[in-house]
Amino acid sequence: MPNDNCYREFMTSQSFSLPFIPAKNKHSLLLAMRDYYENIGQYLPNKKLARTPIAQLNYEKKMPQSISYNEIKLWQVDQEDHPFRAQFFSDLPDFLAGYFADKYINLFQVEGRKKANSFLRQTLGGNIQERLSQVKARYQVDKPSVLSINFAEEFARLATLSTKKLAKLSVDIVNYLNKHIQTCLADQSFCLTANHIESNSLEQKLYRTVLKELSGINIIPPYFNDFKNHKLTNDNCIKALAKITNHEWWQRKLKTRRDFEHEHFAIAVGQVQKKASPYASRSCQMEWQEQKRRNQKYLEKMAIENPETGEQISLDLQVYKSIANPAIRRVELMTRMRGFEDLADQLGYQGAFITLTAPAKYHSAHAKGGFVENWQGNTPRETQAYLCKIWSRIRAKLNRENIQFFGFRVAEPHHDGTPHWHILIFMRPEDIQKAFYSMWIYAMDEDGDEKGAAINRFEFKNIDKQKGSATGYIAKYIAKNIDGYALENEIDTQTGENLKLSSKAITAWASRWKIRQFQQLGGAPVSVWRELRRLKNKKVDNNIIDPVLASADIGDWAAYTTHQGGPLVKRKDIKVRLAYEDKVNQYEEIIKKIKGVYAPIHGFASFICTRLIKWKLVPKNSSSGVKTNDTFLLRAERTPWSSVNNCTHTVNFEQQRQAIKQQLKIIGLPDNDLNVNHLYLRRSIRLNAHQRLKLTDALNGLHLLVNNHYIESKKRPPKNHINDIFN
């Protein structure tokens with residue numbers, strides 16, 4: 001109290017007075033203060049103040065060791081709830097942890113700690129955690145192998161590995177498998193137990209021991225189906241082991257596995273749906289766009305070169321003119337679809353438009369929002385396999401009832417990435433009702449009594465020609481799944497967005513899950529059509545091939561199909577087929593390469609070579625030249641030759657055969673039909689252990705050449721030398 005009295009006396013003894021402010025200045029000051037609070041400083045009660053609070057760091061607490069980058073971000077915002085958050089973020093993949101960490105930080109800063117913790121409890125602590133466990137279980141095995149134990153950490157975070165880390169992992173796995181094989185071969189008891197019986201040979205034992213290692217990581221080895229069916233030969237065992245010990249083979253396998261896991265986890269947590277990113281996750285779409293950019297950059301740097309003449313053609317130009325161009329692909333599909341419709345009109349067939357959808361348990365999210373409770377963790381690829389199985393049963397049923405049809409099928413995704421089919425088929429009018437009943441039975445066979453199944457599972461519409469053509473029914477779906485052509489003003493019923501914009505996400509979805517979007521049902525093969533169109537306006541001396549070639553050249557799919565045997569032709573009755581030649585790849589496997597076309601009814605004599613030049617992929621070099629008459633012509637400036645305009649001399653087949661016979665006589669070899677046919681089909685004839693005779697297609701005619709550098713296919717070495725293969 002004494003102190004208070006002293007303070008009062010001191011204050012009264014001092015004379016304090018405010019400065020005098022004129023009334024005019026007071027009025028101006030009040031107006032300025034009013035404007036400030038109304039425009040800047042006034043916060044209404046229902047308006048949330050967006051601040052960025054930084055928690056007061058408690059220096060007595062130390063940051064836990066070995067926590068992830070996302071947990072470090074959360075620690076800097078709030079330390080108190082770290083133990084609570086750790087139960088959700090400890091086993092979460094990095095790309096998902098970052099997604100939920102950013103959500104948590106945003107809620108913590110805007111709405112507070114309670115709201116942020118409730119978000120984690122309701123999502124990661126609720127159905128999302130259960131869905132993630134469901135997905136993880138699909139990539140785990142009950143019996144781990146030594147390989148899976150050694151690389152457990154890498155496979156646990158495979159979905160987040162970069163391309164460089166995948167390459168390193170593939171090399172490490174190959175090194176491990178090589179050491180494992182060498183250890184087995186060094187074990188005398190392992191080698192001595194092998195005997196001459198094919199099923200218990202040393203090669204088979206090596207295959208089985210490697211199979212056990214791969215089974216622990218869910219990787220299927222080559223020739224596994226032959227192994228299950230007891231058809232695996234010793235030679236194929238060697239080829240399989242050569243693949244398994246190749247790091248490039250492993251890199252492709254691991255990349256596919258990583259892409260599947262990454263997108264599967266994104267589907268599980270709801271990143272792929274209408275309210276987030278429809279059809280494919282944002283990361284998937286960005287990766288697809290980046291891959292397209294890298295591909296285009298590579299194409300611009302490369303060229304294809306004719307090794308005989310040295311001419312080069314820009315690789316990006318060739319790709320632009322091929323079916324890889326989305327515009328050309330779309331036009332070809334529409335041409336084929338229109339041709340089928342013209343054939344249906346000629347035959348008096350009725351068209352039907354069918355939509356086939358999978359049961360609810362294959363879908364991850366509802367269109368109106370929210371997760372599907374009974375989702376069983378399927379990938380879009382597994383759902384596509386289910387639809388293929390249903391369609392195969394439908395086709396078998398229709399075949400038993402002698403109901404013939406032809407048409408097209410388009411596979412596209414729902415908003416959550418689950419595929420469904422649109423099918424346009426033509427059949428006899430009297431078969432429509434029976435076909436509908438058969439399809440309905442198989443479409444509703446699985447979970448047909450669930451809610452909404454009768455409306456959404458299967459739809460069958462008869463095409464009314466007065467309302468539009470059959471091609472018009474499916475044209476939108478073809479454009480939507482390729483490039484969105486002429487769909488600028490169309491709205492996607494799945495997402496409510498512009499259809500042209502949706503086409504990129506759909507293409508990224510198909511690329512990620514390796515789903516075949518379009519399939520022809522019945523009719524003549526399109527591969528023969530494409531090969532014949534390489535010949536352009538050439539005329540051939542064959543009454544079977546020439547009309548087929550002419551119709552393909554003018555782009556008349558209806559005429560082409562008719563000349564091939566009609567839209568209902570069986571594969572064994574097709575008039576013109578592809579001719580193949582055998583090639584040996586780096587694993588000594590025989591693979592078939594398209595060489596031309598032929599008419600089976602006329603045999604080898606009708607063969608037409610459509611790929612005369614064996615182009616070589618080389619870096620583009622516009623500055624290199626070839627000397628001709630004291631001048632240098634840049635390769636880019638010369639008129640290029642393609643495999644199409646080099647086929648002009650292949651019109652008269654009998655003349656070619658006679659020329660081959662004459663040259664065989666000159667060099668003293670038998671000119672029998674066997675040798676002539678082998679050479680005519682561009683196959684080589686063995687002269688001795690180091691020389692082969694083959695036919696070369698030069699610009700001025702056909703010539704027989706002896707190849708002195710022919711390398712024979714390696715035969716299986718004796719068992720006592722099998723170590724050399726893996727060393």
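Analyst: Glu382 is found in helix 18, which covers residues 380–400; helices (H or I, at least four residues) and strands (E, at least two) are DSSP runs, numbered from the N terminus. The model is a predicted one, in which local features need pLDDT of at least 70 and side-chain atom pairs count only at pLDDT 80 or more, while totals for chains, interfaces and linings use all residues. Residues are numbered from 1 along each chain as its sequence is written, and side-chain values use heavy atoms, with hydrogens and water left out.

With a relative accessible area of 32%, Glu382 is partly exposed, where buried means under 20% relative accessible area, exposed means over 50%, and partly exposed lies in between (1.4 Å probe, protein chains only). Once its neighbours within four places in sequence are left aside, Glu382 is in contact with Arg138 and Gly377, contact meaning heavy atoms within 4.5 Å. Tyr362 is 20 residues away from Glu382 along the chain, and the C-alpha atoms of the two are separated by 8.7 Å.

Thr379 lies in the loop between strand 3 (350–356) and helix 18. Is this residue, Thr379, buried or exposed? Its relative accessible area is 7%, so Thr379 counts as buried. Apart from neighbours within four places in sequence, Thr379 is in contact with Tyr139, His264 and Trp513.

Asn218 is not a glycine, yet its phi is positive, at about 60 degrees; Asn218 sits in the loop between helix 11 (202–215) and helix 12 (224–228), and with a relative accessible area of 36% it is partly exposed. His230, likewise not a glycine, has a positive phi of about 60 degrees. The loop that holds His230 runs between helix 12 and helix 13 (234–244), and at 76% relative accessibility His230 is exposed.

We can now turn to how helices pack. Two packed helices are described by the angle between their axes and the distance between the axes. Here axes are lines fitted to C-alpha atoms, for helices over the stretch in contact, and angles run from 0 to 180 degrees between N-to-C directions. The axes of helix 5 (residues 94–110) and helix 6 (residues 113–137) come within 8 Å and cross at roughly 155 degrees. Helix 5 and helix 6 are therefore roughly antiparallel to each other, since angles under 35 degrees count as roughly parallel, over 145 as roughly antiparallel, 65 to 115 as roughly perpendicular and the rest as oblique. The crossing of helix 5 with helix 6 is right-handed; a crossing is right-handed if the near helix is turned clockwise from the far one by less than a right angle, and left-handed if anticlockwise. Helix 5 contributes residues including Phe100, Tyr104 and Leu107 to the contact, and those from helix 6 include Leu120, Leu124 and Ile128. The residues of this contact divide into 11 nonpolar, 2 polar and 3 charged, where Ala, Val, Leu, Ile, Met, Phe, Trp, Tyr, Cys and Pro count as nonpolar, Asp, Glu, Lys and Arg as charged, and the others, Gly among them, as polar.

Another pair is helix 17 (residues 326–347) and helix 21 (residues 470–480), which pack at an angle of about 160 degrees with their axes 10 Å apart. That angle makes helix 17 roughly antiparallel to helix 21, and their crossing is right-handed. Met334, Met337 and Arg338 of helix 17 are among the residues making the contact, as are Ile474, Ala475 and Ile478 of helix 21. By class, the contact of helix 17 with helix 21 has 8 nonpolar, 1 polar and 3 charged residues.

Gly555, which follows helix 24, has a positive phi near 75 degrees.

Finally, the whole protein contains 28 helices and 16 strands, and buried residues make up 43% of its 727 residues.
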